[in-house]
Amino acid sequence: MANSKLLVGDMPVDGWVDRFAPARLRPYLKLMRLDRPIGTWLLLLPCWWSIAMASPGGWPEWGLMALFGVGAIVMRGAGCTVNDLADRNFDGKVERTAARPIPSGAVTVFGALAFLGLELLIGLLVLIQLNTFTIMLGVASLALVGTYPFMKRITYWPQAWLGLTFNFGALMGWAAVQGELHPAAVVMYIAGLFWTLGYDTIYAHQDKEDDIIIGVKSAALKLGERTVPFLFLTYAVTSTLLILAGWLAGQGWPFYPLALLACGQLLWQAVDVDIHNGPDCLRKFKSNRYFGWMFLAAIIVGQATGAGPA
């Protein structure tokens, strides 16, 4: 087994952070989940979809793609830091999360708050490289980032709030290219909401027993055995809206078969997932990066052959 797959709870042990990062930095890099990049991909890919679909001339603006990449890393890290601060009294009671930096004592609350300030500062430095409208959207998104960790105490649908938060890049990416929004970007944002409802409900099935014990809510607990039909519904809506976004953006004909091929990955998740098997739920959740990459490829090819947004 590769070292990077050794875990204590959900924390990688003897991965690249443990082997290469300075000892004093390791708990902070783990706090921002730098050794678990799937969350960064799920945050970044809607940004890249939107940038690629809004970019004229067939190819996305690579400098903008890189800038959003840096932004996704630090803002996903900031979101994880806020989440772990909010959940510090719960995480120590759950076997899967007890080894995280704050409940394990590797990072103090003060240290986490100071690190959060640094993450937000870097995020601000990235944001101010963009146009004024995009900066306004980025500032607005902070309300979602800051309140998401508390939704599991209020509603059985924190996955919906995560969807609103994680897919905000579908709006920001378009705005960064065009300086305004377009119906295609709005439709893509809504599609991302349904995508997140699907994949994060799968993820939540890993924690349902612990969630009952500590008294927090999730779509996995609400749906139970109805989860798979729910996945068929949410992924069908996701697929329909993403293809609609491509049509609104004037994508060329190759976009459509490639997009349908990508959506087949979502269908596979719904068909094959075992909601009673935690490791399988984690594998299905992580597989969404393949869907995201496939859909990005469909956009790039479609943009190169299409008329562009009206």
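Which residue lies over the face of Y156? The residue is K217, at 5.7 Å from the ring centre; a charge counts as sitting over a ring if NZ of Lys or CZ of Arg is within 6 Å of the ring centre and within 35 degrees of the ring normal.

The structure is a predicted model, in which local features need pLDDT of at least 70 and side-chain atom pairs count only at pLDDT 80 or more, while totals for chains, interfaces and linings use all residues. Residues are numbered from 1 along each chain as its sequence is written, and side-chain values use heavy atoms, with hydrogens and water left out.

**Figure 1. The protein as a whole.** The protein contains 16 helices and two strands; helices (H or I, at least four residues) and strands (E, at least two) are DSSP runs, numbered from the N terminus. The C-alpha trace spans about 55 × 45 × 40 Å along its principal axes. The radius of gyration is 19 Å, which agrees with the value near 19 Å for a compact globule of 310 residues; this radius is taken over C-alpha atoms, and the globule rule is 2.2 Å times the number of residues to the power 0.38. Of the 310 residues, 54% are buried, where buried means under 20% relative accessible area, exposed over 50%, and partly exposed in between (1.4 Å probe, protein chains only). Among contacts with a separation of 6 or more, 74% are between residues 24 or more positions apart; contact means heavy atoms within 4.5 Å. The protein exposes about 13,600 Å², and carbon and sulfur atoms supply 69% of this area; accessible areas come from the Shrake-Rupley method with a 1.4 Å probe, and for residues only the protein chains shown count as cover.

**Figure 2. The largest nonpolar core.** A nonpolar core is a set of buried Ala, Val, Leu, Ile, Met, Phe, Trp, Tyr and Cys residues joined through side-chain atoms within 4.5 Å. The largest has 63 residues, of which W49, F68, F291 and F295 touch the most other members. Helix α3 (residues 38–54) gives the most to this core, with 12 residues. Apart from it lies another core, of 10 residues, including L29, L31, L85 and I102. In soluble globular proteins, nonpolar side chains tend to be buried together.

Figure 3. Rings of Phe, Tyr and Trp (its six-membered ring) pair if their centres lie within 6.5 Å; planes under 30 degrees apart count as stacked, over 60 as edge-to-face and the rest as tilted. By this rule the count comes to 17 aromatic pairs. One of these, W49 with F291, is edge-to-face, with 6.0 Å centre to centre and 85° between the planes. W49 lies in helix α3 and F291 in helix α16 (residues 288–305), so the pair ties together parts that are 242 residues apart in sequence. W49 is buried at 1% relative accessibility, and F291 is buried at 0%. Not counting residues up to four places away in sequence, F291 touches W49, W195, L242, A262, C263, Q265 and L266. Ring pairs link W49, W195, Y199, Y203, F255, Y256, F285, F291 and F295 into a cluster.

**Figure 4. Y235 and its surroundings.** Y235 lies in helix α13 and is buried, with a relative accessible area of 3%. Beyond residues up to four places away in sequence, Y235 touches W195, G198, Y199, I202, L266, Q269, A270 and N288. The C-alpha atoms of Y235 and A21, 214 residues apart along the chain, are separated by 39 Å.

Figure 5. P27 is found in helix α2 and counts as buried at 16% relative accessibility. Leaving aside neighbours within four places in sequence, P27 is in contact with P101, A106 and V107. R33 is found in the loop between α2 (26–31) and α3 and is buried, with a relative accessible area of 5%. Phi of R33 is near 60°, a positive value in a residue other than glycine. Most residues other than glycine have a negative phi. T40 is found in helix α3 and is buried at 13% relative accessible area. With neighbours within four places in sequence left aside, T40 is in contact with A72, I73 and R76. The C-alpha atoms of P27 and T40, 13 residues apart along the chain, are separated by 18 Å.
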